[in-house]
Amino acid sequence: MSTLAAVLEKFDASKAKVRKEIREGFFNTDGSLAITEDELRAWIADRAVDELKVVMQLSAVLTKAAHHLPARMLVQVTEQVSDEARHFDILRGLVPAHLQAMVDAKVAELPAKLAQDTSWASLMVSVEAGNPFAALLDINIVHEGYSAAAIEELADIPFDDIRQAYAGIGADEEKHHESGRELLEWLARASTADQLTHQVVAGAHERAGGGAMSWSWPAADTAAIVEGAHERAAGGAMSWSWPAAK
Ligand SMILES: [Fe+2]
Ligand SMILES: [Fe+2]
């Protein structure tokens with residue numbers, strides 16, 4: 001369990017970098033907004049698409065492997081699908097009509113994009129082989145952890161509608177991230193007896209992927225999700241976090 005603690009500690013350190021990049025990208029040193037409202041809402045439009053992507057990914061995991069999940073975890077994951085769908089609706093509602101049209105166009109492309117995503121495909125191979133845990137850890141430790149950290153930094157954004165929306169969403173994302181940690185701890189306990197779950201936690205350093213802080217999925221062909229996760233924050237690309245270039 002000390003290894004697990006070390007893994008999570010590294011991940012927490014990487015979240016600090018996410019916070020810093022959001023802070024420096026969105027705010028001036030005096031706390032005022034460093035980007036325009038239009039840029040901010042364009043960024044939110046892309047986050048709405050991300051929410052629906054998670055809905056699709058979790059749904060795919062459930063479709064293929066709900067029967068492999070412990071009952072308690074199944075409750076968490078199915079509730080999370082509902083939460084993410086609500087986030088999609090809320091965030092889409094924060095952007096003007098022309099950006100909603102952009103959201104809808106990107107949403108229409110999501111099935112094809114996921115089908116072309118080799119990292120997600122490799123996670124789905126594991127799901128179909130009866131191991132849904134790598135995919136769930138990647139979503140709930142990595143994606144949700146960074147998401148929760150980013151949202152914390154937006155707590156003082158000077159627009160009431162956005163601030164209130166993110167207050168609710170942030171609480172949900174923190175809950176999802178906690179369920180990921182719970183899953184990881186469960187896997188760590190089970191790993192001595194179960195080779196399949198052992199795979200998930202061991203070899204975590206094998207994670208591939210360029211380290212770019214994007215919402216894209218790691219190229220890992222194993223269930224090695226968490227131990228390398230802190231390296232993701234080191235790449236600095238942060239493509240998900242910046243408002244669309246003008
Ligand atoms: Fe969400
Ligand atoms: Fe979430």
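**H2 against H4.** I started with the handedness here, and H2 passes H4 in a right-handed crossing. A reminder to myself: this is a predicted model. I then looked up the geometry: the axes of H2 (residues 37-65) and H4 (residues 97-116) cross at roughly 35 degrees and come within 9 Å.

Next I listed who touches whom. From H2 I noted Arg41, Ala42, Ala45, Ala48, Val49, Leu52, Lys53 and Met56, which meet Leu99, Met102, Val103, Lys106, Val107, Leu110 and Leu114 of H4. I sorted the residues of this contact and got 12 nonpolar, 3 charged and no polar.

**H2 against H3.** I turned to the other partner, H3 (residues 71-93), whose axis lies 8 Å from that of H2, at an angle of about 160 degrees. Angles over 145 degrees count as roughly antiparallel, so H2 and H3 go down in my notes as roughly antiparallel. The handedness of this crossing is left-handed.

On the H2 side, I found Ile44, Ala48, Leu52 and Leu62 among the contact residues, and on the H3 side the list includes Val77, Val81, Phe88 and Leu91. This contact divides into 12 nonpolar, 4 polar and 4 charged residues.

**The core.** Which residues have the most contacts inside the largest nonpolar core? I found Ile44, Ala48, Ala135, Leu136, Leu137 and Ala150, in a core of 46 residues. H1, H2, H3, H5, H6 and H7 each give two or more residues to this core, and H6 has the largest share, with 13.

Last, I checked Leu136: beyond its neighbours within four places in sequence, Leu136 is in contact with Val61, Val77, Gly180 and Leu183.

Terms used:
Residues are numbered from 1 along each chain as its sequence is written. Chains are lettered from A and ligands numbered from 1 in the order in which they are written. This is a predicted model: local features need pLDDT of at least 70, side-chain atom pairs count only at pLDDT 80 or more; totals for chains, interfaces and linings use all residues. Axes are lines fitted to C-alpha atoms, for helices over the stretch in contact, and angles run from 0 to 180 degrees between N-to-C directions. Helices (H or I, at least four residues) and strands (E, at least two) are DSSP runs, numbered from the N terminus. A crossing is left-handed if the near helix is turned anticlockwise from the far one by less than a right angle, and right-handed if clockwise. Two residues are in contact if their C-beta atoms, placed from the backbone, lie within 7 Å. Ala, Val, Leu, Ile, Met, Phe, Trp, Tyr, Cys and Pro count as nonpolar, Asp, Glu, Lys and Arg as charged, and the others, Gly among them, as polar. Angles under 35 degrees count as roughly parallel, over 145 as roughly antiparallel, 65 to 115 as roughly perpendicular and the rest as oblique. A nonpolar core is a set of buried Ala, Val, Leu, Ile, Met, Phe, Trp, Tyr and Cys residues joined through C-beta atoms within 7 Å. A residue is buried if 20 or more other C-beta atoms lie within 10 Å of its own, exposed if 12 or fewer, and partly exposed in between; C-beta atoms are placed from the backbone.
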